[in-house]
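Thanks for coming, everyone. I'll take a few minutes on disulfides and aromatic rings. Please look at the screen.

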Amino acid sequence: MRAGINKIALLSIAVGLPNVGPHFETWNAGVLGPVTLNGLNEGRRDLSWQKWSYKIGLKGEALNLHSLSGSSSVEWVEGSLVAQRQPLTWYKTTFNAPAGNAPLALDMRSMGKGQIWINGQSIGRHWPAYKASGNCSVCNYSGTYDENKCRTNCGEASQRWYHVPRSWLNPTGNLLVVIEEWGGDPNAISLVRRETNSVCADIYEWQPTLMNYQMHASGKADKPLRPKVHLECDVGQKISAVKFASFGTPEGVCGSYREGSCHAYHSYDAFNRLCVGQNFCSVTVAPEMFGGDPCPNVMKKLSVEVICG
């Protein structure tokens, strides 16, 4: 404070006003007040009714810090001086494009909320600090369905990976800029490749299909069509082996399937014949494809996992 006129600036990360939800017009956002100044000889002074001005945006946005030219117009601190867990902070780094054609993504789990740019192109907003809530328990869809059944990843970020188009990248010297609103650790940001090692499918023998619904609605249904399982590896890959296949009452999840009390012993045959050596294949889920019905009068399903290479 100094004698005469003093200026006070308040920075708020409220982005716009809410525009969805019940009675959103009554919601408030931003600096709502009151604003008071304490410690004066006269005690407390209420500044809420002073003349206030409002300006949107950050100086970094005006300087285009996310662009190649704008990021070079200011000085950046490095090493141990880089702020961590500090709200409203700009970060930048450079990286080389990984070899190959595998899809790429940024792992932003160490950050809070903000926006990402690569070579001046916006990847979009990141918000991994928004965690999925609820109770995750054993999945069982039997009985009446409600939204609390079969929840997964409780306590995890609603989105952790953010796709990076390879067409935006140069072989070397790619610029990554992040504006962090809530605070995070930029040293833990990583660029990852998605590689498909295996693909799985679970499907019941009378799983409803759109084709069956359309045939029934049009009156053309003689008998329901059997569903099909579709398996596909990434571009350039082929199905090299069948890791697991069971038509009956298999248990477990992808990566850890196991046979149940009912199992068709020829479950592997159709996949070895129709899928191995192919990039894509489809197999009808019917007893005759797997050597007959292993347990009549029991609702059966097919679980399969194939290796891509």
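**Disulfides and ring pairs**

Start with cysteine 154: its relative accessibility is 25%, so it counts as partly exposed. Buried means under 20% relative accessible area, exposed over 50%, and partly exposed in between, with a 1.4 Å probe and protein chains only.

Some ground rules. This is a predicted model, where local features need pLDDT of at least 70, side-chain atom pairs count only at pLDDT 80 or more, and totals for chains, interfaces and linings use all residues. Residues are numbered from 1 along each chain as its sequence is written, and side-chain values use heavy atoms, with hydrogens and water left out.

How many disulfides does the structure hold? Five. A disulfide here is a pair of cysteine sulfur atoms within 2.5 Å.

Back to cysteine 154. Its partner is cysteine 136, with S to S at 2.0 Å. The torsion about the S-S bond is about 95°, so this disulfide is right-handed. Both cysteines lie in the loop between strand S6 (121-126) and strand S7 (161-164), so the pair ties together parts 18 residues apart in sequence. Helices (H or I, at least four residues) and strands (E, at least two) are DSSP runs, numbered from the N terminus. Cysteine 136 is partly exposed, at 37%.

Next, cysteine 200 and cysteine 254, again a disulfide with S to S 2.0 Å. The torsion is about 65°, so this link is right-handed. Cysteine 200 sits in strand S10 (residues 198-204), and cysteine 254 in the loop between strand S12 (239-248) and helix H4 (267-274), 54 residues apart.

Now cysteine 275 and cysteine 281. Buried or exposed? Both are buried. Their sulfur atoms are 2.0 Å apart.

On to rings. The whole structure has six aromatic pairs. Rings of Phe, Tyr and Trp (its six-membered ring) pair if their centres lie within 6.5 Å; planes under 30 degrees apart are stacked, over 60 edge-to-face, the rest tilted.

Take tryptophan 127 and tyrosine 130. Their centres are 5.2 Å apart and their planes at 45°, so the pair is tilted. Tyrosine 130 is partly exposed, at 48%. Phenylalanine 271 and phenylalanine 290 have centres 6.2 Å apart and planes at 20°, so that pair is stacked. Phenylalanine 271 is buried, at 0%, and phenylalanine 290 is buried too, at 1%.

Ring pairs also link Trp127, Tyr130 and Trp182 into a cluster.

Last, charges over rings. That needs NZ of Lys or CZ of Arg within 6 Å of the ring centre and within 35 degrees of the ring normal. Lysine 113 lies over the face of tryptophan 127, 4.2 Å from the ring centre. Arginine 226 has its charged end over the ring of tryptophan 206, 3.9 Å from the centre.
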